[in-house]
Structure formats: C-alpha cells, structure tokens
Amino acid sequence: MNRALAATECAGDDVDGAVHDLRKRMKKLRGLARLVRTGLGDTFNEKNKHFRDIARLFSGIRDPQVLCETLDTLQQAANGDAAGQSFQPLRAWAQDRRDRVLTSGDLGDRMSTARNRLRDALADVDAWRIDGPPEDILRKGLKKTYKRARKRYEFVQETPGPGPLHEWRKRVKYHWYHCRLLREGWPEILMPQIDALDRLGDLLGDDHDLVVLVDTLEAEDAPDAARNVIARCAAEQSHCLRRAAFALAPRLMLEKPAALSRRVAGYWDVASD
C-alpha cells in the first residue's frame, strides 16, 4: 500500500508510469483481499470495493496508454512487410491521443483523490481482522479464485470471443497473484507454475490490447488509410496469441481446485512451522 501511495506522490515526474503502477498495485491489493476473504468476513466487500474504486478513477486512461505500445508491437511483427509503412500515421495519432489524456486538467484531481483514499486505507490497516486458521483461510481463498479461472477456461473453449477471453484473463491474474503471495512455501515447485501463469496472462492481455486497438480505430477519428491493414495484422497476431494461450493453459488448468488449494496452502503451512 505504501508503494501505491508513493506512485500518487511522484506522478508529476512520470504520469504515464505512475498511473500504470497505481492500477497494478490496486489489483495486487484486491488479490490479497481475495486470498484471505473468508478471514475478513463481512469486511471483504468493503475493502475490495475501496481498492476497485481507486483503480476506476483511471479506467479511461489505460487504453490510450497501451495503444502506442500495441501499434509498436504490430509494426515489429510486420517488419519487412510493406504493411509496416502504414503504421506511422496511426502511431502519431495514438501518441497525440495518449498525451491529451495524460495532460488533461482533471488527472491531478483524480490522483489527489486516490492519494487521500489510500491514506485512509493505510490508516485503517492495523484494524484489519483476519479470523480463522491460516491454512484454512488460504486454502479457501485459493480454491475460490482458481475454480473461477477453470470455469472461465472451460467456457472460453466453447465461446472464444474477446469478452470471455478478457474475463478469463482477469481470473488467471488473480490466481497468479495468489501463487506469487505464497511462493515462499516451496519456491522450487511454485516458481515454474508462477512463470507459466504470468506468460498466460501476458498472452491474453496482449490479445485484449489488440481488440481495444481495433475497436478504437473503428469508433474514433483515427486516420482511415491504414485501418484495414491494422485490422488484418491484428487478426493475424491475435490468432498466434490465442493459439499459444490455449497450448499453455491445459497444464495450468488441469489440477482440481480442491487438490491445488490443499497442496499450495499446505506448502505454506509446512514452511511456516
């Protein structure tokens, strides 16, 4: 939480990086709350909502931030192809769009609001009560999140559209957060799994960024000369990303929720003795 607060205090030096860092840390805090949710009891919803609402202050900023990066990735994939020449006008458009968002007059106010809410949360942290046996709490938190990730995986195999894929990615990321939090239970066993989950999340995240790029080009006043080229390149890249994700996922979604949660929470319990 202190690092999230620091991001709001140094935002003037690097607004782009500060917004990205703050949103990332809100997801991690929500992941922590989800891991111990049964121990938090009735206060879980309040804490989860608090961090979610902080992140939502910047929900309209992330997409303009990643447009430039996504275009750069596509251009690299098209390197040597005549299509690569079509990216420059859109790159300038995306850069201008991002700069306008990051220099908007109300961004400072949003950052100030986030800072105040984080200070309130930090002042309250000593009052957090986590009731119950630690292994039982961790096991239930792991099981719930991983079970949701598996269900989303099963659903997306039948309905592999952008929406279901994005929802699956969010569940994968929470499961990844939980495994990271508990990695010291047995690092040699858990780190390969954590790295693979990170890779899966990145594949699905890059695919979602391509979807946002194409949707934005269709909805806004982007230069239209290169739209068809970008859409074609994005579709090709998306196909590769999804194929890689579905090749990796079976190994990570194979274990039953009860077995995985018992195993990983057990590692932590043994290491804590």
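The model is predicted, so local features need pLDDT of at least 70 and side-chain atom pairs count only at pLDDT 80 or more, while totals for chains, interfaces and linings use all residues. Residues are numbered from 1 along each chain as its sequence is written, and side-chain values use heavy atoms, leaving out hydrogens and water.

I start with the core. A nonpolar core is a set of buried Ala, Val, Leu, Ile, Met, Phe, Trp, Tyr and Cys residues joined through side-chain atoms within 4.5 Å. Buried means under 20% relative accessible area and exposed over 50%, with partly exposed in between (1.4 Å probe, protein chains only). The largest such core has 75 residues, and Leu22 and Phe58 are among those with the most contacts inside it. Helix 10 (residues 187-219) gives the most, eleven residues; helices here are DSSP runs of H or I, at least four residues, numbered from the N terminus.

Next, helix 7. The buried residues of helix 7 include Met111, Ala114 and Leu118. They lie on the same side of helix 7, because they cover an arc of only 130° around the axis, taken from the directions from the helix axis to the C-beta atoms. The face turned away carries the exposed residues Asp109, Asp120 and Ala123.

Last, the cysteines. How many disulfides are there in the whole structure? The search finds zero, a disulfide being a pair of cysteine sulfur atoms within 2.5 Å.

Conventions. Helices (H or I, at least four residues) and strands (E, at least two) are DSSP runs, numbered from the N terminus.
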